[in-house]
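Student: I am new to this structure. Please pick one part, look at it closely, and then show me how it sits in the whole.

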Amino acid sequence: ANVLCDTTAHNTRHCCSVGLGAYSAEMDVQAVFQQFQQLSETDQTVRERIKDVVRELDQIGRAMESALQQVHHTPHDAVLPAVTQVRAQFGTVKSQLAKLRGIFPEADFYKYNGHWRNSMQQLCFLAAFVVYLTEARLITLADLTDLFGVTVTEDHTFHIELDDFLAGLCTLSQELARLSTNYVTMGDMKRPVEVSAFLSELHSGFRLLNLKNDHLRKRFDALKYDMKKVEGVIYDLSIRGLVAKDK
């Protein structure tokens with residue numbers, strides 16, 4: 001009888017021990033997933049705030065691009081005041097980027113940068129287009145920093161990615177190819193030649209790069225066709241005697 005009692009007591013203690021252990025493990029799992037939930041909610045809040053700022057940036061970019069469409073049907077000299085006004089809007093862009101920068105730790109840049117990549121590429125194009133229209137030259141990294149208040153680097157701080165900048169330049173080539181045709185329509189036979197020289201230099205610059213980004217390589221291939229399109233415009237002008245030949 002004593003043996004039976006001891007065995008029963010032992011089994012009872014063992015069952016209680018196992019039960020408490022399982023209960024404790026269950027509590028640990030719940031605590032871990034509660035932590036996951038908190039992290040997920042925090043991350044989602046950050047992403048929503050980022051999306052709000054990006055929407056504002058996109059709206060600013062669309063307004064700037066719409067204003068710049070005047071260059072395709074207005075003589076160059078007459079459109080410069082409007083281009084200057086567009087350039088002034090980069091002050092708002094700079095403010096929005098500063099706002100975006102303050103939403104998350106800079107160490108998390110690559111965690112969230114996908115949210116504004118397309119927006120940044122478009123803004124880089126607009127900046128390059130404005131600089132070309134006003135100064136007939138390629139935008140520099142210093143120009144970009146001045147307009148955006150953000151540097152072009154490849155570290156973990158908030159920055160403009162080089163690939164986004166280069167993608168913006170590829171978009172610029174498309175816009176200039178279109179513009180060269182419209183220059184002819186407006187009776188300006190000189191500027192297509194200038195555009196051709198600029199795109200030739202831009203193409204030569206891209207050839208110096210070892211492009212590892214597949215998307216960027218495809219954009220570069222399109223730049224070649226933009227250059228050929230402008231060369232075709234100049235050829236048509238030349239055979240009609242509308243472009244002065246080099247001596």
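Tutor: Thr 74 is buried, with a relative accessible area of 17%. The cut-off for buried is under 20%, so Thr 74 falls on the buried side. Bear in mind that this is a predicted model. Thr 74 sits in the loop between α1 and α2. Leave aside residues up to four places away in sequence, and Thr 74 touches two others: Val 79 and Met 186.

Now step back along the chain to Leu 68. Leu 68 belongs to helix α1, which covers residues 2–68. Its relative accessibility is 1%, so Leu 68 counts as buried. What does Leu 68 touch, not counting residues up to four places away in sequence? The list is Val 83, Val 86, Leu 126, Phe 129, Val 130 and Leu 133. Take Val 83 from that list. Leu 68 and Val 83 are 15 residues apart along the chain, yet their C-alpha atoms are separated by 6.5 Å.

Go on to helix α2, residues 76–88. Helix α2 packs with helix α5, which covers residues 117–135. The angle is about 140°, and the axes are 10 Å apart. The angle here makes α2 oblique to α5. The crossing of these two helices is left-handed.

Which residues make this contact? From α2 come His 76, Leu 80, Val 83, Val 86 and Arg 87. From α5 come Val 130, Val 131, Leu 133, Thr 134 and Glu 135. By class, the contact has six nonpolar, two polar and two charged residues. Some names return here. Val 83 and Val 86 of α2 take part in the contact, and Leu 68 touches both of them. Val 130 and Leu 133 of α5 also take part, and Leu 68 touches them too.

Follow the chain past α5. Ala 136 lies in the loop between α5 and α6, where α6 is residues 141–148. Is Ala 136 buried or exposed? At 54% relative accessibility, Ala 136 counts as exposed. Its backbone stands out in one way: phi is near 55°, a positive value in a residue other than glycine.

For another helix pair, look at α7 and α9. Helix α7 covers residues 162–185, and helix α9 covers residues 214–239. They pack at about 20°, with axes 9 Å apart. That angle makes α7 roughly parallel to α9. The crossing of α7 and α9 is left-handed. On the α7 side, the contact includes Leu 166, Cys 170, Ala 177 and Val 184. On the α9 side, Phe 220, Leu 223, Val 233 and Leu 237 are among the residues. This contact has eleven nonpolar, five polar and five charged residues.

Finally, the whole protein. The model has nine helices and zero strands. Of its 247 residues, 37% count as buried. Count the contacts with a separation of 6 or more: 76% of them join residues 24 or more positions apart. The accessible surface comes to about 14,300 Å², and 55% of that belongs to carbon and sulfur atoms.

Technical notes:
Residues are numbered from 1 along each chain as its sequence is written. This is a predicted model: local features need pLDDT of at least 70, side-chain atom pairs count only at pLDDT 80 or more; totals for chains, interfaces and linings use all residues. Side-chain values use heavy atoms; hydrogens and water are left out. Axes are lines fitted to C-alpha atoms, for helices over the stretch in contact, and angles run from 0 to 180 degrees between N-to-C directions. Helices (H or I, at least four residues) and strands (E, at least two) are DSSP runs, numbered from the N terminus. Angles under 35 degrees count as roughly parallel, over 145 as roughly antiparallel, 65 to 115 as roughly perpendicular and the rest as oblique. A crossing is left-handed if the near helix is turned anticlockwise from the far one by less than a right angle, and right-handed if clockwise. Contact means heavy atoms within 4.5 Å. Ala, Val, Leu, Ile, Met, Phe, Trp, Tyr, Cys and Pro count as nonpolar, Asp, Glu, Lys and Arg as charged, and the others, Gly among them, as polar. Buried means under 20% relative accessible area, exposed over 50%, partly exposed in between (1.4 Å probe, protein chains only). Accessible areas come from the Shrake-Rupley method with a 1.4 Å probe; for residues, only the protein chains shown count as cover.
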